[in-house]
Structures are given as C-alpha cells and as structure tokens.
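Subject: Handover of a protein structure

Dear colleague,

Please find below the structure that I am passing on to you.

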Amino acid sequence: MKPIVIERGKDVRGRRRDLKTINRDHLVDEDSNYCFGEGGAGTYSDGKLYTRSKKRGDVNRILELLVAFGASQDILVDAHPHIGTNKLPQIIQDIREKIIEMGGKVLFETRLTDILIKNNEVQGIVTKNGDTILANKIILATGHSARDILNCWTENKFSSKPNPLHWAFEQSIHKP
C-alpha cells in the first residue's frame, strides 16, 4: 500500500517551534499545537503509550513496530510502556520517512473538510484549500480533538464500524 497521510498540523520538528510560541508568547496555532501535528497529542507529552480503549486490537504489533524504529525493548514488557519525549519525535520522523521511502506521501498543513461519496462508496476527500484527493478507502485516525471531522461525519449521516484488525479504525462508509 502507498498511503497518502493527511496531517492538519506541521511535521514533528515544526510543531516544536509552535509549542515554544505557545509557552513563550501564549499564541496558539489551531492546527499545530499540543493536540495537532505529526505524532499527535502523545508526541510532546512525555511519550507515554497508554489507551483507555477496551477495543485495542493488536497492541503488541504496534509496540514491536516502535521498537523497530528505535524505541527501547522495555516497552514490550512494561505494564505502562513509555518512550520519552526525548526519543519519540525522532521515531515518529523515521516512521514518516519509511512511509515516503515505500512510495507513500505525507501532506502536512492539510486539513480534511469533506468526504466525497458517490453511490454509497468513498470517492475521496476535500481539503481546506479546496483540493480533491481521490481514494476508495480512507482511515480516519483523528486523535481526541478533531471535532470538525466528527461534525463532518455526523452532518453527512455516515455510519462506521471499527475494524479490530487495524490500530486505527478503517471506516466502512455508507449513508443509511
């Protein structure tokens, strides 16, 4: 697979500058901050690997992937695995570089605003700047703060079901 990753925020290094601006000047970039940007909310919150979800899927596979990209093997056995903010940004960057090396794309500062549906099938997405990206499958890995995506989802009356074989939820889209 050659995914196109749509990231509303900046890359992991660009986020660091935005976080400094938040802390120093109290100015928040609504798309690149503690919640949004490459690596999501966990990247700059001490690198704790924690979920409250009961539908966790194959967590060990994800931990093994993180180890393959440089995390300590301790996360495979610790009850409360932890990578650390000092190491996690580089691991996230290395994962992105591998996606690109394998033919995928990562589009930063690109916000999804609509999902295109025709004959009850996904056709693609529309971005905030008006670009259309065609795709017959999408994975919405929105994190915990993407209310605009939830609003798009509910306004269009889409239904979804979690796919337990994937870490993120693959959305099976159809209008009821």
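The notes below go from the overall fold to the cores, then to one helix and to several single residues.

Overall composition

Please bear in mind throughout that this is a predicted model. The protein has 176 residues, and 33% of them count as buried. Its secondary structure consists of four helices and five strands. Read from the N terminus, the order of these elements is β-α-α-α-β-β-β-β-α. Of the contacts between residues at least 6 apart in sequence, 52% join residues at least 24 apart. The accessible surface amounts to about 11700 Å², and carbon and sulfur atoms account for 52% of that area.

Nonpolar cores

Which residues make up the largest nonpolar core? The set has 12 residues in all: F36, L112, I115, V122, I125, I133, I138, L140, A146, I149, C152 and W153. Two or more residues of this core come from each of β3 (112–118), β4 (121–127) and α4 (147–155). The element that gives the most is α4, with three residues. Another core, of 11 residues, lies apart from this one, and L63, L66, L88 and I95 are among its members.

The charged end of R8 sits over the ring of F36, at 3.8 Å from the ring centre. As for pairs of aromatic rings, the count under the rule applied is zero.

Helix α4

The helix α4 deserves a separate paragraph. Its residues I149, C152 and W153 are buried. These three span an arc of only 100° around the helix axis, and therefore they lie on the same side of α4. The buried residues of α4 pack against β3. On the other side of the helix, R147 and E155 are exposed.

N151 is also part of helix α4. Is N151 buried, partly exposed or exposed? It counts as partly exposed, because its relative accessibility is 40%, which falls between the limits of 20% and 50%. N151 and T113 are 38 residues apart along the chain, and their C-alpha atoms are separated by 9.8 Å.

The segment before β1

K2 belongs to the segment before β1 (4–6). Its relative accessibility is 63%, so K2 counts as exposed. Which residues is K2 in contact with, leaving aside its neighbours within four places in sequence? The contacts of K2 are then M102, G103 and G104. K2 and M102 are 100 residues apart along the chain, yet the distance between their C-alpha atoms is 7.0 Å.

Positive phi angles

H26 is not a glycine, but its phi is positive, at about 60°. This residue is found in the loop between α1 (12–25) and α2 (59–68). With a relative accessible area of 65%, H26 is exposed.

E109, likewise a residue other than glycine, has a positive phi near 50°. Its place is the loop between β2 (105–107) and β3. E109 is exposed as well, because its relative accessible area of 58% is over the limit of 50%.

With kind regards

Methods
Residues numbered from 1 in each chain as written. Predicted model: local features only at pLDDT ≥ 70, side-chain atom pairs only at ≥ 80, totals over all residues. Heavy atoms only, no water. Phe/Tyr/Trp six-rings, centres within 6.5 Å; stacked < 30°, edge-to-face > 60°. Lys NZ or Arg CZ within 6 Å of the ring centre and 35° of its normal. Core = buried A, V, L, I, M, F, W, Y, C linked by side-chain atoms within 4.5 Å. Buried < 20%, exposed > 50% of the residue type's maximum accessible area, 1.4 Å probe, protein only. Arc of directions from axis to C-beta. Contact = heavy atoms within 4.5 Å. Areas by Shrake-Rupley, 256 points an atom, 1.4 Å probe, with all protein chains shown as cover.
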